[in-house]
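Please examine the sequence and the structure shown below.

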Amino acid sequence: MNYPVDSIREDFPILKRMVNNKPLVYFDNGATSQTPIPVIEAMNRVYYEFNSNIHRGVHTLSNLGTEAFEGVRRKVAAFINARHSHEVIFTKGTTESINLVAYSYGEACILEGDEVIISGMEHHSNIVPWHLLQSRKGITLKVIPVLEDGSLDMEAYKQLLSPRTKLVAVTHISNVLGTINPVKEITAEAHKHGVPVLIDGAQAIHHEMVDVQELDCDFYVFSSHKMYGPTGTGVLYGKEKWLDKMPPWQGGGEMIKTVTLETSTFNELPFKFEAGTPDYVGVIGLGAAIDYIEGIGREVIRRYEGDLYAYAFDRLSAVEDIRIYGTAPVRGSLVSFLLGNIHPFDTGMLLDKMGIAVRTGHHCAQPLMDRFAIPGTVRASFALYNTREEVDILVAALAKVRQLFG
Amino acid sequence: MSINELQDQIIEEFSLLGEWMDRYSYLIELGNGLDNFSEEYRTNQNLIEGCQSKVWLHAELKDGKIFFFADSDAIIVKGIVALLIKVLDGRTPSEILDADLYFIDKVGLKEHLSPTRSNGLVAMVKQMRMYALAYKTKLGL
């Protein structure tokens, strides 16, 4: 495969650093991906050249900032193929996007006794906002069971849909198992009952081709810091028809049309949901991250990562005493495992000593850990700059960990 | 031996262990060797729960001295607890409260002091001091 991984790695200065006197092997991309020079430079440029508050001023700098910011909105819309750019709302990240929907859609469209369906493999950020809605509104939370191989029980899902179902909220790719869920099918099934669907795309946006019109999902949420952009910025995509129905969830500047001391009227989409000064530097960084991804080519990245994932899965499967969690037919981007009866924390600590960054623990998915009756796993998650050589280093390091434990 | 003599002894032992693998190997050995924990102590009250691993810590007072009993599901963590127990076991509440645990830094375990390692030394040391404070109050010292 003719993929310029060496020159790509040159774009990420952090990959050159040493950790505990060993060259860094960064396999914690599922938590935060690293940032390429063009993204860092795009954000620096804001401070060097046109930093000022957007949408407000009549002066040149403010106009330049506003133009750049709104340009990214159009860029994000094109990236996920949204019908309108005002269907793209900037947030702090996936978590805030889900909380916004739980609060605002919850206010407008969900009543006591109504039901929301999530799955048993959700990140806490797609569980806890619904618990909050549960205590606020008295809704019922239904859960799609996870099968032994880490795929969703689709038959059970169909049974869960009822006349009281008001929303289905599921993850596109499991942050623990790597399962790629059939979100198009999940959406189509919900739509048969007139139920909207929210997809948590945090783990998918940088790996999959996401086309929200093709998926026909009603909400799609993701974070910038997992797609080579800066932290603190994310996106809520929502279909106009829902966003129009939903009340603002935070008040402040930007989101208003008129304010008297007695009452306010609200701005239109997308500004209605963007109270206060947004993280315009972060958003401009996100725009540069999209340019970076498109510059290499999403399909090119997908093929390379697919190949790397298959290699990693094969190599790790051959490690003695390893148990891999997540063997669904359609999966990718990360491998979760346990080594013998060694606690994931011990494995992670020893890998760190060898310069390898992995995530250990319950991955903010405690219900899923309970499902498999384990305290946590070790997770190696991959990005466009990882290599087969790095996978080999991990495999050799795991042999050392086993050796240390006798 | 005094608390500081024991700390110096541990520092000496670690200095003989060259690279990190030997040091962690020793911690694993210490962890495996810590077996004074009875199942009756495995209660929620004794649990110091964090994000990454579980630690159970139980303390008893005997003749004015505190004895610790601990367990963890992660062996390296258990090894670190074993070191703490080695230094602080069988001491009076005042000795524990006054102890300056300088060995942690000297043997290269300082990274475990980071508060983000929620099951790190910080929580354990804090819990041991809490026991000491409680017993000190109880004894009316």
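Two strands are taken to pair if DSSP finds at least two bridges between them. Helices (H or I, at least four residues) and strands (E, at least two) are DSSP runs, numbered from the N terminus. The model is a predicted one, in which local features need pLDDT of at least 70 and side-chain atom pairs count only at pLDDT 80 or more, whereas totals for chains, interfaces and linings use all residues. Residues are numbered from 1 along each chain as its sequence is written, and chains are lettered from A and ligands numbered from 1 in the order in which they are written.

Four strands of chain A form an open sheet in the order β13-β14-β17-β16, with antiparallel pairing. At the edges are β13 (322-325) and β16 (359-361) of chain A, each of which pairs on one side only. From one strand to the next, the twist averages 30°; angles run from 0 to 180 degrees between N-to-C directions, and axes are lines fitted to C-alpha atoms, for helices over the stretch in contact. Strand β14 (residues 334-339) of chain A and strand β17 (residues 377-381) of chain A run antiparallel and are joined by four bridges. Which residue of β17(A) is the bridge partner of A:S336? The partner is A:R379. Helix α11 (residues 298-317) of chain A packs on this sheet, where it touches β13, β14 and β17 of chain A, and its direction makes about 10° with that of β14(A). Residues are in contact if their C-beta atoms, placed from the backbone, lie within 7 Å.

Chain A is divided into domain 1 (5-30 + 297-404) and domain 2 (40-294), with bounds that come from an automatic or database domain assignment. The C-alpha centres of the two domains of chain A lie 28 Å apart. In the contact between them, 25 residues of domain 1 of chain A meet 23 residues of domain 2 of chain A. On the domain 1 side, α11, β14, α13 (366-372) and β17 of chain A each supply at least two residues, and α11(A) provides the largest share, four residues. That side of domain 1 of chain A comprises 11 nonpolar, eight polar and six charged residues. In this classification Ala, Val, Leu, Ile, Met, Phe, Trp, Tyr, Cys and Pro count as nonpolar, Asp, Glu, Lys and Arg as charged, and the others, Gly among them, as polar.

Chain A also touches chain B, in a contact that takes 11 residues from chain A and 13 residues from chain B. On the chain A side, α12 (344-353) and β16 are the elements that give two or more residues; α12(A) gives the most, with five residues.

In chain A, the axes of helix α3 (residues 60-79) and helix α10 (residues 280-296) come within 9 Å and cross at roughly 45°. The two helices, α3(A) and α10(A), are therefore oblique to each other. Their contact has 10 nonpolar, three polar and one charged residues. In chain B, helix α2 (residues 20-33) and helix α3 (residues 75-88) pack at an angle of about 80°, with their axes 7 Å apart. This angle makes α2(B) roughly perpendicular to α3(B). Angles under 35 degrees count as roughly parallel, over 145 as roughly antiparallel, 65 to 115 as roughly perpendicular and the rest as oblique. The contact of α2(B) with α3(B) consists of nine nonpolar, four polar and one charged residues.

Methods. Two residues are in contact if their C-beta atoms, placed from the backbone, lie within 7 Å.
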